[in-house]
Amino acid sequence: MKSSSMLRGAQTMLPVLLGIIPFAMITGITAINTGVSPGMTMFMSLFIFAGAAQLAVLQLIHTGASSLVILYTAIIINFRFMIYSLSIAPYFKKEPFGWKVLLSHLMTDQSYAMSLAHFINDPDENPRWFYLGASLIMWAVWQTFTIAGILLGAVIPSHLGLDFAIPLTFIAVLMKSVNDIPVVIAVVTGGVVAVVAAPIPMNGGLVLAAISGIAAGALAEHFGKPKVEEAAHHD
Amino acid sequence: MTNSALLPLLSAIALGTFLLRFSFIFLYGRMTLPQWIHRSMRFVPAAVLSALIFPALVIQNGAPVLSIGNHRLVAGLLALAVAWKTKNLLATTLVGLGIFWLLTYM
């Protein structure tokens, strides 16, 4: 039961790993090119374990930003984890403290989104082991290919555009959660606001876009299907 | 910034990031949230991922580029179509990367 849930979780992530491999390598390569030591690079990958924030931090180190600005930027970029935490929390409510710590630290966009979509579709799944399987394979691949990036240094030319694999992976993951009109409205709103609000300094646009998208989806559901809403009111 | 000066900064980022991830997984059950928040939660992956995807496709050098000359946008939209039709993650990523390379190097 445990191992089959874990295996299912890991298997679900296999197609996503294709996008993670270049992302992890780019993070390793960029760190070394920025002058960050291999030790500090691994420290980031092990303890921050959030690619988008790691790349932003490296960019800011490169431009000589102050520690406070770097810290703020990383927290804003990772703010989405708090919303993920809120949405996946019901599935982990019975876990002991240590498990909550472990499952929290291993959270990534991909393992979170794939797990949540799976839990909604399959209520009989064992959330702890499925999510652990999905997250551990992401973790192992992330660490392995960060090391590969450190070792390769500047060997891989940046003009290959391998960084483009990440939005593509997100597109694939996104489709797992699109199943009705309100979700489509959340997607469109989140995307449009993110582009329009991109000039807001310090990644403020990302937070605004996420909140707008969630609100638009919720409103569309509320006003679009009042009868279903009432029928489901006893939940 | 020297590597020794980086350690406290990176530790603070690591701690902050952990607390964001841990926040509600820890707090859930210790506090009650309004129903509308619970109902809104299923929109989180869609809204956040979309907010990460579209700027990456559209914005080039700080400004939105909505033209066929934007290879990332074209490849991304075609990947979106593939994802929609097939629901296949691997096909989506491969088609997107393939089209992007084709447009860039032809």
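Begin by selecting chain A and colouring its two assigned domains, where domain 1 covers residues 2-163 and domain 2 covers residues 178-235; such bounds come from an automatic or database domain assignment. The model is predicted, and local features need pLDDT of at least 70, side-chain atom pairs count only at pLDDT 80 or more, and totals for chains, interfaces and linings use all residues. Residues are numbered from 1 along each chain as its sequence is written, while chains are lettered from A and ligands numbered from 1 in the order in which they are written.

**Between the domains of chain A**

Taken over C-alpha atoms, the centres of domain 1 and domain 2 of chain A are separated by 24 Å. Now select the contacts between them: seven residues of domain 1 of chain A are in contact with six residues of domain 2 of chain A, contact meaning that the C-beta atoms, placed from the backbone, lie within 7 Å. On the domain 1 side, helix 4 (67-78) and helix 5 (80-88) of chain A each supply at least two residues, and helix 4 of chain A gives the most, with four residues. Helices here are DSSP runs (H or I, at least four residues), as strands are (E, at least two), numbered from the N terminus. By class, this side of domain 1 of chain A has five nonpolar residues, one polar and one charged, where Ala, Val, Leu, Ile, Met, Phe, Trp, Tyr, Cys and Pro count as nonpolar, Asp, Glu, Lys and Arg as charged, and the others, Gly among them, as polar.

**Helix 1 of chain A**

Next select residues 2-34 of chain A, which form helix 1, and follow the helix from end to end: its end C-alpha atoms span only 42 Å, whereas a straight helix of 33 residues would span 48 Å at 1.5 Å a residue, the expected span being 1.5 Å times one less than the number of residues. Centre the view on A:P15, where helix 1 of chain A has a kink of about 55°; the bend at a residue is the angle between axes fitted to the seven residues ending there and the seven starting there. After helix 1 of chain A comes A:G35, whose phi is positive, near 95°.

**Annotated spans of chain A**

An unreviewed UniProt entry lists several spans of chain A as "transmembrane region", including residues 42-61 and 177-200; its positions are given in the numbering used here, feature names are shortened, and annotations may be inferred rather than shown by experiment. Residues 42-61 of chain A are 90% helix and 0% strand, with end C-alpha atoms 16 Å apart, while residues 177-200 of chain A are 71% helix and 0% strand, with end C-alpha atoms 28 Å apart.

**Across to chain B**

Within chain B, confidence is highest in helix 1 (residues 3-27), at a mean of 95, and lowest in helix 2 (residues 35-40), at 84.

Select the interface, where 57 residues of chain B are in contact with 73 residues of chain A. Helix 1 of chain B provides the largest share of the chain B side, 17 residues, and this side has 41 nonpolar, 12 polar and four charged residues. For the complex, the predictor gives an ipTM of 0.85 and a pTM of 0.80.

Finish on residues 89-105 of chain B, one of the spans that UniProt (unreviewed entry) lists as "transmembrane region"; this span is 100% helix and 0% strand, and its end C-alpha atoms lie 24 Å apart.

How values were computed
Two residues are in contact if their C-beta atoms, placed from the backbone, lie within 7 Å. pLDDT is the predictor's confidence in each residue, from 0 to 100.
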